[in-house]
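This briefing concerns the structure shown below.

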Amino acid sequence: MINLHLRQARWRFILLLKKSPVLPDIVWLQVRGLSSAEVATALRPFYFLVHPDLFCQHPRAQHINDSSLKLLNNHLDLLIKDQKPSPISLQFYVRNKNLEGNLHTVDLCLNKPSLRDTVHGILSVFHLPTKYVDSLPERSRRPDRKIKWSRSFYDATGVFNPEEEFSTARKKEDLYSWLIKNMGEAEKRLAVSEPIRQDIVNLQAGLIEELGLTKLTWQRGLGTTHLRGCLQGLRSLMMHHQEVKDILKGRAIHFGNETGVSFEGGVVLSTSEVRNQWLKLIVKLPEQDAVLQRIPGMQKAVSNALRDIKITHRKYQSYVLLENYIQHLRRLVTALGDYRGRDAFPKTWPESLSSLELVVESAAGPLMLSPTGQILAPSSCPPWLLVNFITENMDQAEKTINDYHSIRDREKQLYEQCKNELGLEFLEKDDSVMPAMMIQCLERLLKDAYRLSPLLTGARLWVTHYYAVMLDGEVCIPWEWSYG
């Protein structure tokens with residue numbers, strides 16, 4: 001009887017809390033939060049930054065942003081309705097302000113108990129102004145000290161328990177659990193897209209034979225439907241303009257983000273442009289051949305100016321267009337010529353730097369040593385700074401280049417072993433996943449193959465930096481995935 005009175009008193013207290021204007025701080029914030037209109041206004045700069053329509057030339061980024069936005073909007077809707085959403089981690093692609101055409105990812109963790117804090121956190125993570133949110137009046141009365149409520153209070157009222165939520169948010173989803181949840185959907189999408197993939201194989205083989213191409217490739221992450229449309233477009237162009245056959249014979253074609261000629265002589269066709277734009281480039285290819293012949297001489301000039309250093313291109317990089325590359329080389333050659341007329345190289349330099357590799361990049365590029373041992377130099381780099389950088393990193397660069405070859409061989413060996421033991425139909429990685437990362441991922445997949453192979457048999461697997469099931473059924477997993 002006493003216990004019954006205590007339970008009744010407890011529920012009367014909870015109902016009083018819900019009705020009373022003098023609510024605990026955390027409850028008051030849930031009742032008196034931002035309106036949906038205020039949230040939309042505050043997040044307008046964020047939507048302009050990540051909206052999927054801004055990434056038409058990057059299908060994978062467009063898909064990831066679209067999925068993440070849906071999850072984010074659902075999370076915000078629950079907060080607006082004073083409900084309790086589970087913490088969630090999202091990923092968005094944004095454009096790199098310093099490197100035109102390049103994208104990078106931003107991770108967003110939603111684990112705040114209040115709508116205001118959530119909106120403020122989103123803007124802060126993306127380095128967007130929070131002035132509007134800060135200007136909105138605080139309509140809650142906060143206690144002068146932190147109140148720590150019993151778990152029974154949170155269970156009864158349904159409001160957030162911050163300690164529990166933050167603890168849950170810190171737990172990363174493991175690979176096995178994620179595959180259990182998502183491989184069913186991946187298998188369905190894979191089956192639906194199988195006829196499209198077969199069309200792509202047939203179109204690729206047919207175009208290579210009919211046009212006499214040395215190879216026909218495309219950028220990684222291009223959706224199957226979009227890719228098939230590009231191949232069909234090229235075939236239609238060939239049928240309506242027979243003259244392109246003679247022009248394209250003996251050339252390589254690559255579907256990428258821009259239309260032009262690569263500095264290696266390949267034809268690059270933008271996947272977002274119409275066939276007429278492709279035709280304009282193709283008919284001018286004979287003129288571009290003359291410009292292309294200047295590349296070896298300009299590369300040799302840079303090499304001679306730096307004691308026979310090897311001029312090459314960055315590994316795991318998309319195609320660099322000819323016109324841009326010519327400008328980069330010309331700028332660096334001119335600067336090095338002026339430098340050699342005034343200054344001498346350090347006495348510590350050997351007679352030849354032929355064991356080193358130099359990549360000449362755009363003026364906005366970084367001066368750095370790549371994970372593969374290549375020296376990346378922007379065309380705007382002052383010669384004295386480049387000389388100092390080479391001096392300081394010469395030994396490390398040579399060691400990294402030598403290590404890279406052995407690492408690359410190990411990666412190829414593990415690739416074949418992993419593909420066979422897991423029964424994968426397809427295994428590939430993003431360009432941003434370096435060989436050392438891939439080796440670590442593959443070794444761990446093989447170690448857990450007995451448990452993962454039933455889930456991954458017949459799958460098309462990409463090793464990236466995130467989890468995702470693509471529209472065509474291909475599965476993306478992070479290279480640093482965790483065990484269950």
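In helix 19 (residues 449-456), the buried residues are Ala449, Leu452, Ser453, Leu455 and Leu456. They line one face of the helix, because seen down the axis they fall within an arc of 165 degrees, the arc being that of the directions from the helix axis to the C-beta atoms. Buried means under 20% relative accessible area, exposed over 50%, and partly exposed in between (1.4 Å probe, protein chains only). Helices (H or I, at least four residues) and strands (E, at least two) are DSSP runs, numbered from the N terminus.

The model is predicted: local features need pLDDT of at least 70, side-chain atom pairs count only at pLDDT 80 or more, and totals for chains, interfaces and linings use all residues. Residues are numbered from 1 along each chain as its sequence is written, and side-chain values use heavy atoms, with hydrogens and water left out.

- The face of helix 19 turned away from its buried side carries the exposed residues Tyr450 and Pro454.
- The buried residues of helix 19 are covered by elements including helix 10 (175-211), helix 17 (383-422), helix 18 (435-447) and strand 12 (460-464); contact here means heavy atoms within 4.5 Å.
- Gly458, which follows helix 19, has a positive phi near 80 degrees.

**Helix 13**

- Helix 13 (residues 275-283) has the buried residues Trp278, Leu279, Leu281 and Ile282.
- These residues are on the same side of helix 13 because they cover an arc of only 165 degrees around the axis.
- Asn276 and Lys280 are exposed on the other side of helix 13.
- The buried residues of helix 13 pack against several elements, among them helix 11 (224-240), helix 12 (243-248), strand 4 (252-256) and helix 14 (285-292).
- An α-helix has 3.6 residues a turn, so residues three or four places apart point the same way.

**Nonpolar cores**

- A nonpolar core is a set of buried Ala, Val, Leu, Ile, Met, Phe, Trp, Tyr and Cys residues joined through side-chain atoms within 4.5 Å.
- The largest such core has 58 residues, and those with the most contacts inside it are Leu234, Leu248, Leu306, Leu358 and Ile390.
- Helix 16 (residues 322-342) gives the most to this core, contributing seven residues.
- Ile390 touches Leu306, Ile309, Trp349, Leu353, Leu356 and Ile375, residues up to four places away in sequence not being counted.
- Another core, of 29 residues, lies apart from it and has Leu427, Leu445, Leu461 and Val463 among its members.

- Two strands pair if DSSP finds at least two bridges between them.
- Strand 12 and strand 14 run parallel and are joined by four bridges; Trp462 stands opposite Cys476 in strand 14.
- Strand 13 (residues 468-469) and strand 14 run antiparallel and are joined by two bridges; Ala468 likewise stands opposite Cys476.
- The hairpin of strand 13 and strand 14 has five residues between the strands, and in this hairpin Gly473 takes a positive phi near 95 degrees.
- Strand 14 (residues 475-478) is covered on both faces: Val475 and Ile477 are buried on one side, and Cys476 and Pro478 on the other.

- An open sheet of four strands has the order 3-4-6-5, with mixed pairing.
- Strand 3 (215-218) and strand 5 are its edge strands, each pairing on one side only.
- Strand 3 pairs with strand 4 in the parallel sense over four bridges, and Lys215 stands opposite Ala252 in strand 4.

**Cysteines**

- A search of the whole structure finds zero disulfides, a disulfide being a pair of cysteine sulfur atoms within 2.5 Å.
- Cys418 is in no disulfide, and the nearest cysteine sulfur, that of Cys441, is 7.2 Å away.
- Cys418 is buried, with a relative accessible area of 0%, and Cys441 also counts as buried at 0% relative accessibility.

**Ser35**

- Ser35 lies in the loop between helix 2 (25-31) and helix 3 (36-42) and is partly exposed, with a relative accessible area of 32%.
- Ser35 and Arg116 are 81 residues apart in sequence, and 9.7 Å apart in space, C-alpha to C-alpha.

**Whole chain**

- The chain has 19 helices and 14 strands, and 45% of its 484 residues count as buried.
- Of the contacts in the chain with a separation of 6 or more, 68% are between residues 24 or more positions apart.
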